[in-house]
Amino acid sequence: VADHIPVWCDVRLCRQAIANLVLNAAQHGPAGGAIEVGVVLEPGAWCLRVRDQGPGWADNGPLGRRDAPPGAPRPAHDGKGGSGLGLAICEVVARLHGGTIGVRHEFGACLEMRFPQPAHPPALASIA
């Protein structure tokens, strides 16, 4: 994102989510593979994407599973499964911002967090 375009979020929570997503990509992507981190602005939202060259998930869609509580182990497609806690934290960060987290398979795994973005953000001086 260009320096002059603010994205609205809790910086500490989003920093943790980015770290968790990048760690997940490093764990599940191939050794020496690339990890791409990017932000895309959309009407009314901004989207954080972390893409790796790993096997990804079988299905695109929301990340959360309705049959398991946050933090429950997730099935691993590559034998490198962790506890799922890092992605559960990302789910909570997304929800706290009124956003969502999902997964897509496109040239590897792509985890995507979408956050609301005000059309006309208030002036920084008016935030107290």
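**Reading the model**

Q: Is Leu 96 buried or exposed, and why?
A: A residue is buried under 20% relative accessible area, exposed over 50%, and partly exposed in between, with a 1.4 Å probe and protein chains only as cover. Leu 96 counts as exposed because its relative accessibility is 62%. The model is predicted: local features need pLDDT of at least 70, side-chain atom pairs count only at pLDDT 80 or more, and totals for chains, interfaces and linings use all residues. Residues are numbered from 1 along each chain as its sequence is written, and side-chain values use heavy atoms, leaving out hydrogens and water.

Q: Where is Leu 96 placed?
A: Helices (H or I, at least four residues) and strands (E, at least two) are DSSP runs, numbered from the N terminus. Leu 96 lies in helix H2, which covers residues 85–96.

Q: Which elements does the chain have, and in what order do they run?
A: The chain has two helices and five strands. From the N terminus, the order is α-β-β-β-α-β-β.

Q: What is the pLDDT of the chain?
A: pLDDT is the predictor's confidence in each residue, from 0 to 100. The chain averages 78, and 70% of the residues score at least 70. Over residues 65–78 the pLDDT is below 50, and this stretch has 23 contacts (heavy atoms within 4.5 Å) in the model beyond near neighbours in sequence.

Q: What share of the contacts with a separation of 6 or more joins residues 24 or more positions apart?
A: Such pairs account for 60% of those contacts in the chain.

Q: How many residues of strand S5 are buried?
A: Strand S5, residues 109–116, is mostly covered, with six of its eight residues buried. Across the chain of 128 residues, 32% count as buried.

Q: Which strands pair with S5?
A: Two strands pair if DSSP finds at least two bridges between them. Strand S2 (residues 45–51) runs antiparallel to S5 and is joined to S5 by seven bridges. Ala 45 has Pro 116 in S5 as its bridge partner. Strand S4 (residues 100–105) also pairs with S5 in the antiparallel sense, over six bridges. Here His 105 stands opposite Ala 109 in S5.

Q: What do S4 and S5 form, and which residue in the turn has a positive phi?
A: S4 and S5 form a hairpin, with three residues between them. In the turn, Phe 107 has a positive phi of about 55 degrees.
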